[in-house]
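Could you walk me through this structure step by step? I have it open in my viewer and would like to know what to select next and what is there.

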Amino acid sequence: MSGLLAAESATTFDVPANVTFAVLAVLMVVAAIRVVTTRNIVHAALWLVVVLGGNAVVYLLLQAEFVAMTQLLVYIGAIIVLFLFGIMLTRAPLGKASDLDNNQRWLGAAVGVLLLVVIGFSVTRTWGNDRLDFVAYELPAATAGAAVEVGGSGNGRTQALANSIFVDYLIPFEVVSVLLTGALIGAIVLARRD
Amino acid sequence: MSPVLLGLELAFWQSTVIRVIAGLVAVLLLTGGVVYLYLFKFVSFMQSRLGPMEAGPYGSLQLLAEVGKWLQKEDIHTEDSDRLIFGLAPAVVLSSTFLMFVVIPAGPDLVIANLGTGIYYVLAVSALSVLGILMAGWASANKYALMGALRAGGQLIAYELPMVLAVLGVVVMAGSLNLQDIVAAQANGEIFGISAIGNPYILTQFVAFAVFMIAVQAELTQTPFDMPIAESELVAGYQVEYSGIRFLVYFISEFATAVAFAAVASTLFLGGWALPTSWGLSNGVMNVLGPILVATKAVLLVGVVFWTRFSFPRFREDQLQRLAWKFLIPIALANILVTAVFKVAF
């Protein structure tokens, strides 16, 4: 995706995108806090939907359309649904539950701060003062003459992403795939001892 | 509809309002037409009866009467229900349905938003309806509703995979995720050098089409895949506690989703709004003809879905899961492989 980060270009300050991000950031932080403070486990999962959906919109603001759709399809459409499915299959109490808390708050806070430092450090080290060049999204205009020569919009970005995954970072991608398959098989082995 | 078509310069909000209203009218008209045509008449004729005949000429206003009835009913919920989630669930399901229509093109300029990731976006937003169904089942505080929601969750996740994999065959053929590009690829294409009818992918991707339509049947939870709302076991599944306007929302969403998936299938496999390029029609003509073409194809495909629905008995839960995981997914994967080999070889 490095093609999108035009380092030295005259970047305009995109007001709508920044306002949207600010509103979204507040919403996501509030929702994230509600995930851990709510007294109902199903509500926690549903607040997580708000956080992940906000994430998808952030990807859209960064003009990563394909990643945003993947976020919707994989995280909300599959992972949250699996969460809810698992919760409802085992126990799904309505109303407030009292046994959702535990004594690991400080440990959790420490891990959170550590993650923030690591991610913040790696992001600032990688991109530093680079700025994203916001390009207005344009619908392709209809072409006169040939009846059906339309479309072609935004394909370039998806292709750039495909090139990153399947050319530049092919080996890490395959390693992650093998790791996930291994985790899946391990889970089945652990779950089915018979 | 579009500035190009009318020769007008419209502000962004003006064109957006026009797009949304035109889209809503088109969707609701098509949905109502489908309900009258198939749910009221088609099934009645299959069962040797006339169907509704009183409201309007030949019963054509029956749907309005039904809507009026639902709007008058009391909005009931159970004592223990989670009121907020219970109310939000139909809205989630309905918005998932309406969002699907955003990228479906009806002509060279007639599309609400021509997204680069077109078909991928459709699959992503259609997956959101599972969330609404699980919310509904849980918040109803009713064990039948919860059972129905769990069945729906398992079923919709299982059939999403063959659907995505079937679409991949088309994407490989067209070389794009954008629905306008896929339409153009079919209109400009040729089969073994013959370009008279373009290359509608129902001919060259027939396996993908079959897998896609079976998966659509399951995603719509229509018989033979209607375990989530199986009336003899679960009363009405996740919809059991809903009445009045909230039930109406589920009803609209069920049939509008059928129209949406049929429109997607007709765009992916039947050439969408376009006629073969070799027929030489201009963009202006296609802007008028296109919506009629794509709507006709979509209504015909909804007919296939309902024909199946009224002809087959319900599967058992294990048969349903076996069909998805052991048959449809391997077939769809093999189809991708063969398509990719042909794409590289020719």
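## First stop: a phenylalanine and its neighbours

Start by selecting B:F212. Leaving aside residues up to four places away in sequence, B:F212 touches B:M163, B:A166, B:V167 and B:A265. Keep in mind throughout that this is a predicted model.

Now widen the view to the core around this residue. The largest nonpolar core has 130 residues, and B:F212 and B:V259 are the members that touch the most others. Colour residues 143-174 of chain B next: this is helix α7, which supplies the largest share of that core, 17 residues.

## Second stop: two helices side by side

Select residues 206-219 of chain B, helix α10, together with α12(B). Their axes come within 11 Å and cross at roughly 170°. Since angles over 145 degrees count as roughly antiparallel, α10(B) and α12(B) are therefore roughly antiparallel to each other. To see where they meet, show side chains: B:F209, B:F212, B:M213, B:V216 and B:E219 stand on the α10(B) side, and B:F261, B:A265 and B:F269 on the α12(B) side.

Stay with α12(B), which runs over residues 244-269 of chain B. Is α12(B) largely enclosed or largely open? Of its 26 residues, 21 are buried, so α12(B) is largely enclosed by the rest of the structure. Just past the helix, click on B:G271, which takes a positive phi of about 90°.

Move to residues 12-46 of chain B, helix α2. This helix has 35 residues and reaches 48 Å from first C-alpha to last, close to the 51 Å expected at 1.5 Å a residue. Highlight its buried residues: B:G23, B:V27, B:L30, B:T31, B:V34, B:V35, B:Y36, B:Y38 and B:L39. As you look along them, recall that an α-helix has 3.6 residues a turn, so residues three or four places apart point the same way.

What covers the buried residues of α2(B)? The cover includes α3 (62-72), α4 (83-100), α12 and α13 (283-311), all from chain B. After α2(B) comes B:S48, with a positive phi near 55°.

On the chain A side, the contact is made by A:F66, A:M69, A:L72, A:L73 and A:G77. Facing them from α5(B) are B:Y120, B:Y121, B:L123, B:A124 and B:V125.

## Last stop: chain A as a whole

Finish at A:I119, in helix α4 of chain A (residues 105-127). Is A:I119 buried or exposed? A:I119 is exposed, with 10 other C-beta atoms within 10 Å.

Definitions and conventions
Residues are numbered from 1 along each chain as its sequence is written. Chains are lettered from A and ligands numbered from 1 in the order in which they are written. This is a predicted model: local features need pLDDT of at least 70, side-chain atom pairs count only at pLDDT 80 or more; totals for chains, interfaces and linings use all residues. Helices (H or I, at least four residues) and strands (E, at least two) are DSSP runs, numbered from the N terminus. The expected span of a helix is 1.5 Å times one less than its number of residues. A residue is buried if 20 or more other C-beta atoms lie within 10 Å of its own, exposed if 12 or fewer, and partly exposed in between; C-beta atoms are placed from the backbone. A nonpolar core is a set of buried Ala, Val, Leu, Ile, Met, Phe, Trp, Tyr and Cys residues joined through C-beta atoms within 7 Å. Two residues are in contact if their C-beta atoms, placed from the backbone, lie within 7 Å. Axes are lines fitted to C-alpha atoms, for helices over the stretch in contact, and angles run from 0 to 180 degrees between N-to-C directions. Angles under 35 degrees count as roughly parallel, over 145 as roughly antiparallel, 65 to 115 as roughly perpendicular and the rest as oblique.
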